[in-house]
Amino acid sequence: MAVASVTPLRVGKDTVPDKLAGAIANEIRRNGTIDVEAMASGAVYKMVKAIAIARRYLAPNGVELACTPALLDVEDDTGRKLVVRFLLVGVPRSIPSSES
């Protein structure tokens, strides 16, 4: 069984969803799993959008994404913040994809 990457991919407000999707898909192909995290609402939106795009990138390989969400409390010099983290795992597709 593959082990999640030690350092999660961090998503920011300037992250390009297509590029993040490519990074997610490549890591799933290589290791079968990846952690992705974001803090602000705009970054969380881009993370979710990238995960949806990554599903399309992985479909021709017969791979679907399973996702486990987590909320993490972190503290820095500006105070306490909430981080949204997704553990993504590649699993075999059981139903043929209608996406292209």
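This report covers the sheet, the helices, the nonpolar core and the salt bridges of a predicted model.

## Sheet

Four strands form an open sheet in the order E1-E2-E4-E3, and their pairing is mixed. Strand E1 (9–11) and E3 are the edge strands, each pairing on one side only. From one strand to the next, the twist averages 25°. Helix H1 packs on this sheet and touches E1, E2, E3 and E4. The direction of H1 makes about 150° with that of E2.

The pairing of E3 with E4 is antiparallel and runs over 14 bridges. Within it, Leu72 stands opposite Val83 in E4. As background, the strands of a sheet pair through backbone hydrogen bonds, either parallel or antiparallel.

## Helix H2

H2 consists of 18 residues. From its first C-alpha to its last it reaches 26 Å, close to the 26 Å expected at 1.5 Å a residue.

The buried residues in H2 are Ala43, Val44, Met47, Ala50, Ile51, Ile53, Ala54 and Leu58. The cover over these buried residues includes E1, H1, E2, E3 and E4.

## Nonpolar core

The largest nonpolar core has 22 residues, of which Ile24, Ile28, Met47 and Leu88 touch the most other members. Two or more residues each come from helix H1 (17–31), strand E2 (33–38), helix H2 (41–58), strand E3 (63–76) and strand E4 (79–92). H2 gives the most to this core, with eight residues. In soluble globular proteins, nonpolar side chains tend to be buried together.

Which residues does Ile28 contact, leaving aside its neighbours within four places in sequence? They are Thr33, Ile34, Leu58, Val63, Leu65, Leu88, Val89 and Gly90. One of these, Leu88, is also among the core members that touch the most others, and Leu58 is one of the buried residues of H2.

## Salt bridges around Glu37

A search of the whole structure finds seven salt bridges. Arg10, Glu37 and Arg85 are linked in a network of such bridges. The side chains of Glu37 and Arg10 meet at 2.6 Å, N to O. Glu37 lies in strand E2 and Arg10 in strand E1, so this pair ties together parts that are 27 residues apart in sequence. The side chains of Glu37 and Arg85 also meet in a salt bridge, at 2.6 Å, N to O. With Glu37 in strand E2 and Arg85 in strand E4, that pair links distant parts of the chain, 48 residues apart.

Arg10, at 62% relative accessibility, counts as exposed, since exposed means over 50%. Arg85 has 24% relative accessibility, so it counts as partly exposed.

## Salt bridge between Asp76 and Lys81

Another salt bridge joins the side chains of Asp76 and Lys81, at 3.5 Å, N to O. Asp76 has a relative accessible area of 37% and is therefore partly exposed. Lys81 also counts as partly exposed, at 29% relative accessibility.

Key:
Residues are numbered from 1 along each chain as its sequence is written. This is a predicted model: local features need pLDDT of at least 70, side-chain atom pairs count only at pLDDT 80 or more; totals for chains, interfaces and linings use all residues. Side-chain values use heavy atoms; hydrogens and water are left out. A nonpolar core is a set of buried Ala, Val, Leu, Ile, Met, Phe, Trp, Tyr and Cys residues joined through side-chain atoms within 4.5 Å. Buried means under 20% relative accessible area, exposed over 50%, partly exposed in between (1.4 Å probe, protein chains only). Contact means heavy atoms within 4.5 Å. Two strands pair if DSSP finds at least two bridges between them. Axes are lines fitted to C-alpha atoms, for helices over the stretch in contact, and angles run from 0 to 180 degrees between N-to-C directions. A salt bridge is a side-chain nitrogen of Lys or Arg within 4 Å of a carboxyl oxygen of Asp or Glu. The expected span of a helix is 1.5 Å times one less than its number of residues.
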